[in-house]
Every structure is written in C-alpha cells, then in structure tokens.
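Please read it with the structure open.

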Amino acid sequence: MNASAAVAAAVVPAAGRGERLGPGAPKALRELGGVPLLVHAVRALARSRAVGLVVVAAPADGVAEVVALLDSHGLDGKDIRVVAGGATRQESVRLGLAAIPEDVEIVLVHDAARPLVPVEVVDAVAAAVRAGAEAVVPAVPLADTVKRVEPNPGGPEPVLDTPDRSTLRAVQTPQGFDRATLAAVHAKALAEEAAGGTGVPPVTDDAGLVERFGGRVVVVPGHEEAFKVTRPLDLVLAEAVLARRRAADAY
C-alpha cells in the first residue's frame, strides 16, 4: 500500500432527520455544548492523523447550509467536502464513497450522532484496515443481560432464550473498510434492491453488508464515550461528558 493509499478517508452520512430526538432540525444539526453534533463528529475524525479527507453527505436541500456551518467552526485544517446525501443511510454512504479519490484504499464510515468518539478509536480502526482487515468495527462488551424475545408490540413479549453475554458486543463507529470491499458490497446491495429484493432482512450498518455478502468483519476495542446520541437522555449524558472534557482541557 503506497503512502497516499494508506491515509484514510471518512464518510459521515448526515442526511437523516433523527425523529427520536423529537421534531425540529435534523439530528446531525442538534447542538451539544453550543456546537452541532455534526461539527463534533467531523472534528473527532479530523483529529486523527490517519484521516486525510472527510466527506459529509448532507441533506440534499441543505448542502450549502452544511458547508457554511463547517466553515464557520474553523474546520479548514483538513480536506472536508460536502455532497448531497440520499433518502437512506445506505444511499448516503454510497454517494459519499463516490466523492473519494480512487487512490484512497481505506474508508471509514462514521455516524454524525456519535460526536464524542475518542481519536484513539479512529486510529485503531484505520490501523486494523491498514494491517489487512477488510472490515473493522469498534465495539464494547455489554453490561446488561440480554433476552431474545418474540416481538409483540404493545403487549408482553415471550422470552425465547438468553444469549451468552460474553459473546456479544455493542457496535460503534467509525467502521473501517478496504475501499474495494466497501464499494463491492454497496454495488451488490444496489443490484439486490433493483431486483426487488423483498424479504431481505434490513441491514443497519456497513459491516452488516460485508457480512451479508460473505465478507469477514473483525472487532477492535471501542470506547464508552463513543455512544450514539439518539434520544434526549443521550444528549444529557453527552453534555456531561463534554463538560468534563472541557474542565480537563481535553477538548
């Protein structure tokens, strides 16, 4: 792998609305400590020397707004590009990937709703891909016992079994990929969709696409502060983490 190919590019799909945080601005533009989640997430990636380019997939009608937002927060030290995202996360990742130069061989995909991921997690994911892994996810062990149930919305749900917690991990981002692998699984998913792939289970992350099409995914240690801000309570926790970092001059 040559020097330029060894530097990763990151895609941040940020075109969704994030309804679980309530009505209003898209989730990526909600503020944490007076700064939008998206800005925090892009900064977290830009801090890594392993990342040379960040591509943000913005709402199709909000590209100019996102460009102005990133510019106004001084994110001009690295190559940051904004493209129009799609109707789904998968489409936004595909559009972001298309904006990355062909000679970049390592691609990270990061949720804008994970604003506080430590730089060491970003570095570890990129390093694992550079060492030969085709797909890498950061993850943490589960603290709670997990039950598998038979879904019954609105009513009691019968328990089917209790998985061994030691074999389970909660997956985070950024996820890292060999660029060719990521492009290939997205092309296959697009072809599957065009063929009317009814009955195909939904995939919620890019590593899941690699698994679906027979690839191998490995796990590296994540971090408890790389949690996803999805509900109002998550935002309260993120504010507390950010306040602690600022008090310690760590952010």
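This is a predicted model: local features need pLDDT of at least 70, side-chain atom pairs count only at pLDDT 80 or more; totals for chains, interfaces and linings use all residues.

1. Every value below is computed from it, so to speak, as it stands.2. Overall make-up. The protein has 8 helices and 12 strands. Its radius of gyration is 18 Å, and the globule rule gives 18 Å for 251 residues, so the protein is as compact as a globular protein of that length. Along the principal axes, the C-alpha atoms fill a box of roughly 55 × 40 × 35 Å.

2. Burial and contact range. Of the 251 residues, 43% count as buried. Take the contacts with a sequence separation of 6 or more: residues 24 or more positions apart account for 73% of them.

3. The α4/α6 pair. How far apart are the axes of α4 and α6, and at what angle do these helices pack? The axes of α4 (residues 89-98) and α6 (residues 179-194) are 11 Å apart, and the angle is about 135°. Angles over 145 degrees would count as roughly antiparallel, and 65 to 115 as roughly perpendicular. The two helices are therefore oblique to each other. The crossing of α4 past α6 is left-handed.

4. The contact between them. On the α4 side, Gln90, Val93, Arg94 and Leu97 make the contact. On the α6 side, the residues are Arg179, Leu182, Ala183, His186, Ala189, Leu190 and Glu193. By class, this contact has 6 nonpolar, 2 polar and 3 charged residues.

5. Leu209. This residue sits in helix α7 (residues 206-212). Is Leu209 buried or exposed? Its relative accessible area is 2%, so Leu209 is buried. Beyond four places in sequence, Leu209 touches Gln90, Val185, His186, Ala189 and Val203. Among these, Gln90, His186 and Ala189 also belong to the α4/α6 contact. Look at Ala184 as well: 25 residues separate Ala184 from Leu209 along the chain, and their C-alpha atoms are 9.7 Å apart.

6. Ser48. Look in the loop between α2 (37-46) and β4 (51-58) for Ser48. Its relative accessible area is 0%, so Ser48 is buried. Which residues does Ser48 contact, leaving aside neighbours within four places in sequence? They are Lys78, Val119, Val122 and Asp123.

7. Pro151. This proline is in the loop between β8 (148-149) and β9 (159-161). Pro151 is exposed, with a relative accessible area of 66%. From Pro151 to Asp161 is 10 residues in sequence, and 13 Å in space from C-alpha to C-alpha.

8. A cis peptide bond. Please check the step from Thr173 to Pro174. The peptide bond there is cis, with omega near 10°. Most peptide bonds are trans. Pro174 lies in the loop between β10 (169-171) and β11 (175-178).

Definitions and conventions
Residues are numbered from 1 along each chain as its sequence is written. Side-chain values use heavy atoms; hydrogens and water are left out. Axes are lines fitted to C-alpha atoms, for helices over the stretch in contact, and angles run from 0 to 180 degrees between N-to-C directions. Helices (H or I, at least four residues) and strands (E, at least two) are DSSP runs, numbered from the N terminus. Angles under 35 degrees count as roughly parallel, over 145 as roughly antiparallel, 65 to 115 as roughly perpendicular and the rest as oblique. A crossing is left-handed if the near helix is turned anticlockwise from the far one by less than a right angle, and right-handed if clockwise. Contact means heavy atoms within 4.5 Å. Ala, Val, Leu, Ile, Met, Phe, Trp, Tyr, Cys and Pro count as nonpolar, Asp, Glu, Lys and Arg as charged, and the others, Gly among them, as polar. The radius of gyration is taken over C-alpha atoms; the globule rule is 2.2 Å times the number of residues to the power 0.38. Buried means under 20% relative accessible area, exposed over 50%, partly exposed in between (1.4 Å probe, protein chains only).
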